[in-house]
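This briefing covers a few local features of one protein model. The sequence and structure come before the notes.

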Amino acid sequence: MSGYYPLPGAPPQFGYPQQTPQGGPGWGPPQQPQFGGHPNQYQQPPPQQWGPPPGQQFPQHGPPPPQGYNSYGPPPPQPGFPQPIQQPGFHQSPVAQHGFQQPPPPVAQHGFQQPPHPAAQPGFQQPLPQQAFAQGSLPSPGYGPNDVAQGNAKPEVDALKRAINSHPPDHTTIVRILSKSGPREIALLCRTWAQYNDDISLEFDIDRAFRGHYGDVLLQLARGPLLADVHNVNRAIKGIGTKEDMLNDVLVGRSNADMRAIKQCYEQTFKKTMESDVASDLSLKTERMFQLIMRASRTEDLHPYNPAETARDVETLHLATRVSTDQETFFTILTQRSDNQIRAIAQLYQREHKKTLEDTIRSSFSGHMEDALVLAVGRAVDRAKADAYGMEATMKGLGTKDDLLINKTVRIHWDKQHTDQVKKAYQHFFKKDLIKRVKGETSGEYKYALVACLI
């Protein structure tokens with residue numbers, strides 16, 4: 001399968017055939033592309049090699065990642081070596097085609113020389129203190145306050161306004177501008193739109209002009225990743241019943257910094273706390289689990305790895321299933337540990353007990369709690385694979401779950417590098433092309449907008 005390689009050391013249950021990396025073209029860590037647009041459309045910086053800066057040592061709390069591991073996903077889990085956070089929108093993609101200036105690259109991985117944070121640019125807040133980097137507390141692009149691209153978006157605003165007001169609307173221009181702007185460019189576009197349109201928001205004008213699933217795609221794009229998350233949480237709990245899949249998709253497996261940003265923006269938008277709204281829609285232990293998820297108190301991924309803690313967690317989880325399942329033990333561990341810790345727990349759990357952690361969850365839980373815990377493990381072990389399976393779940397069977405398909409597609413789209421990994425994972429596990437699959441489930445401008453997000 002071109003471009004997809006198994007992760008060394010990943011256990012077989014995660015869908016990887018076992019293979020020893022050989023190195024050569026296509027191997028090695030993924031390049032950090034420039035921001036916005038298509039991965040192969042714009043010039044990229046030279047690839048970086050894994051390893052510390054010359055003359056420096058790797059951190060002493062674990063071994064370095066292997067050389068030439070693969071071209072799919074983040075570095076494989078290595079005992080003692082913390083992996084970089086991979087949240088949607090964290091890795092950047094090549095510069096959007098609207099003339100925005102180039103922001104600096106994302107934060108370097110632990111043990112590497114620290115590049116400047118975007119907050120150091122004119123127009124941003126003062127950079128966070130150095131200890132914030134060590135704590136892994138930086139939010140994803142589009143989630144920080146005043147996280148806006150620098151540049152002049154007036155030409156794009158004028159082109160977008162003409163496209164919306166023409167009869168019929170110029171859908172090609174509308175989709176091109178909205179789908180090819182990254183999180184920071186969308187923020188600049190929205191700010192410029194309001195500046196030149198009597199403080200009327202782009203979100204309001206999109207919502208007024210378009211309806212149906214196509215309108216929903218444009219609205220999610222115009223809101224940007226943070227505000228889209230906030231509205232999706234509200235939609236998930238509004239009305240009769242809970243849209244559990246949508247609630248899981250937004251909240252499960254998020255970084256502490258992003259979760260805090262979502263909660264703050266939710267309260268500003270709806271004048272109520274997200275915790276109280278979600279709690280009022282859930283009950284019993286599921287409510288307790290989501291209270292822990294929304295607490296934003298997970299161990300940070302840059303926290304040094306402790307094998308003894310992992311071994312204790314594995315044994316605790318195993319004992320929790322011996323007679324009747326101690327559900328709180330499961331969701332306390334799996335909502336408070338970092339992705340690196342959950343990944344290590346899942347691998348050790350299978351080695352020790354000859355059963356995957358996901359299978360144990362499925363046999364011990366049901367309903368909403370089962371889905372949320374399986375997703376928490378899946379996103380920690382292989383986020384691209386989890387998103388590929390999530391995309392398929394919205395399209396399989398009779399009828400398409402359009403709301404969830406839109407949410408997942410737009411969320412994935414904010415990080416073009418991650419988009420490519422999801423497409424490769426989908427091809428690997430389902431032997432089908434994701435874009436062709438989406439085309440088969442949609443039509444008209446709706447299809448055109450979704451496909452544009454995945455290109």
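The buried residues of H16 are Arg383, Ala384, Lys385, Ala386, Asp387, Ala388, Gly390, Met391, Glu392, Thr394 and Met395. The model is predicted.

**H16**

- Helix H16 spans residues 383-395, 13 residues in total.
- From its first C-alpha to its last, H16 reaches 19 Å, close to the 18 Å expected at 1.5 Å a residue.
- H16 is mostly covered, with 11 of its 13 residues buried.
- The partners of these buried residues are H13, H15 (367-381), H17 (402-413), H18 (416-430) and H19 (434-441).
- At the start of H16, the backbone nitrogen of Ala384 has a side-chain oxygen of Asp382 within 3.3 Å.
- After H16 comes Gly397, which has a positive phi, near 80°.

**H8 and H9**

- Helix H8 (residues 256-270) and helix H9 (residues 274-281) have axes that come within 8 Å and cross at roughly 90°.
- H8 is therefore roughly perpendicular to H9.
- On the H8 side, the contact is made by Met259, Ile262, Lys263 and Tyr266; on the H9 side, by Met274, Glu275 and Asp277.
- By class, this contact has four nonpolar, three charged and no polar residues.

**Ser338**

- Ser338 lies in the loop between helix H12 (327-336) and helix H13 (339-353).
- Ser338 counts as buried because its relative accessibility is 3%.
- Leaving out residues up to four places away in sequence, Ser338 touches Arg298, Thr299, Glu300 and Asp301.

How values were computed: Residues numbered from 1 in each chain as written. Predicted model: local features only at pLDDT ≥ 70, side-chain atom pairs only at ≥ 80, totals over all residues. Heavy atoms only, no water. Helix = DSSP H or I, 4+ residues; strand = E, 2+ residues; numbered from the N terminus. Buried < 20%, exposed > 50% of the residue type's maximum accessible area, 1.4 Å probe, protein only. Contact = heavy atoms within 4.5 Å. Axes fitted to C-alpha atoms, helices over the stretch in contact; angles between N-to-C directions. Parallel < 35°, antiparallel > 145°, perpendicular 65-115°, else oblique. Nonpolar A, V, L, I, M, F, W, Y, C, P; charged D, E, K, R; others polar. Expected span 1.5 Å × (residues − 1). Polar contact = N/O pair within 3.5 Å; in protein donor to acceptor, adjacent residues only side chain to side chain.
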